[in-house]
Amino acid sequence: MNAGRASRIRFSLVMLLLVGLQFYVRPRIGNPHIAPDFLMLGLMIFAIRSRPGAAAFAGFLIGFASDALTPARFGAAMLANTLVGYAAAWGRAVFFADNLLVNAGFIAVGVWLRDLLVLMASGTGGRELAIQLGVWSPLTALSTAVAGIIVLTVFRDWLDIRLEE
């Protein structure tokens, strides 16, 4: 087996692990407002490795899966994840350093931005918007960034991501 194919298989296994964590571990963590979003983490890791078009398509698919679970605001997560995936891949290609903490911040900003876009697209406003963006979204972004640090550290070689020590 060639190195490129082995790398894709390992990357796919990590993404499948994140999907499993999203649907098996995340509901058992406790408060869903502070649990890490493993699907978003997978999107951000994919965006780090790929071109903007591929990241936007992956964001669309992840958003479609999220919207299927919340039909009341169908389309909001598709739009938000598509835009965040595109912006993350573009931003990574333009100005991003290979530092673990910078990647964690990148993941946290992506989660918060996705939440902002979902709330705006779904018509949420007023006090609920302020509480969500000021309290719950930063907590989710922080927990997802911590999970990202763990995943990037443990699976660094499998993900073919170069990080400075």
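Me: Helices here are DSSP runs of H or I with at least four residues, strands are E runs of at least two, and both are numbered from the N terminus. Which helix does S7 lie in?
Reply: Quick note on the source: this is a predicted model, where local features need pLDDT of at least 70 and side-chain atom pairs count only at pLDDT 80 or more, while totals for chains, interfaces and linings use all residues. Residues are numbered from 1 along each chain as its sequence is written, and side-chain values use heavy atoms, leaving out hydrogens and water. As for S7, its helix is α1.

Me: Is S7 buried or exposed?
Reply: Buried means under 20% relative accessible area, exposed means over 50%, and partly exposed is in between (1.4 Å probe, protein chains only). The relative accessibility of S7 is 9%. Because of that value, S7 counts as buried.

Me: Which residues does S7 touch, leaving out those up to four places away in sequence?
Reply: Contact means heavy atoms within 4.5 Å. S7 is on the list of buried residues of α1, along with A6, F11, V14, M15, L18 and Q22. What covers these buried residues includes α2 (38-49), α6 (126-154) and α7 (156-159). For S7 itself, the partners are R49, W158 and D160.

Me: Which residue caps the N-terminal end of α1?
Reply: A polar contact is a pair of N or O atoms within 3.5 Å; within protein, one must be able to donate a hydrogen and the other to accept it, and residues adjacent in sequence count only if both atoms are side-chain atoms. At the start of α1, a side-chain oxygen lies 2.8 Å from the backbone nitrogen of R5. That oxygen belongs to N2.

Me: And which residue caps the N-terminal end of α5?
Reply: Helix α5 covers residues 100-121 and reaches 31 Å, close to the 32 Å expected. At its other end, α5 is followed by G123, with a positive phi near 80°. The cap puts a side-chain oxygen 2.8 Å from the backbone nitrogen of L101, and the residue supplying it is N99.

Me: Which residues of α3 are buried?
Reply: The 18 residues of α3 (52-69) should span 26 Å. The end C-alpha atoms are 26 Å apart, which agrees. The buried ones in this helix are A55, A56, A58, G59, I62, G63 and D67.

Me: Which residues lie closest to the centre of the largest pocket?
Reply: On a 1 Å grid over the protein atoms alone, a pocket is an open set of points with protein on both sides within 12 Å along at least five of seven lines, whereas a cavity is a set where a 1.4 Å probe fits but cannot get out; lining residues have an atom within 4 Å of a point. Grid points are joined across faces, edges and corners, and a volume is the space filled by probe spheres set on the points. The largest pocket holds about 640 Å³ of space. Of its 24 lining residues, the closest to the centre are R26, D37, R73, R114 and D115.

Me: How many charged residues are in the lining of the largest pocket?
Reply: Ala, Val, Leu, Ile, Met, Phe, Trp, Tyr, Cys and Pro count as nonpolar, Asp, Glu, Lys and Arg as charged, and the others, Gly among them, as polar. By that scheme the lining has ten nonpolar and seven polar residues. The charged ones number seven.

Me: Which helix gives the largest share of the lining of the second largest pocket?
Reply: The volume of this pocket is about 240 Å³. Of the 13 lining residues, M15, V19, G42, L43 and I62 are the closest to its centre. By class, the lining has eleven nonpolar, two polar and no charged residues. Six residues come from the helix with the largest share, α1.

Me: Which side chain makes a polar contact with the side chain of T124?
Reply: T124 sits in the loop between α5 and α6, and it is buried because its relative accessible area is 15%. Leaving aside neighbours within four places in sequence, T124 is in contact with L119 and L129. The polar contact, at 3.3 Å, is with S122.

Note on methods: Expected span 1.5 Å × (residues − 1).
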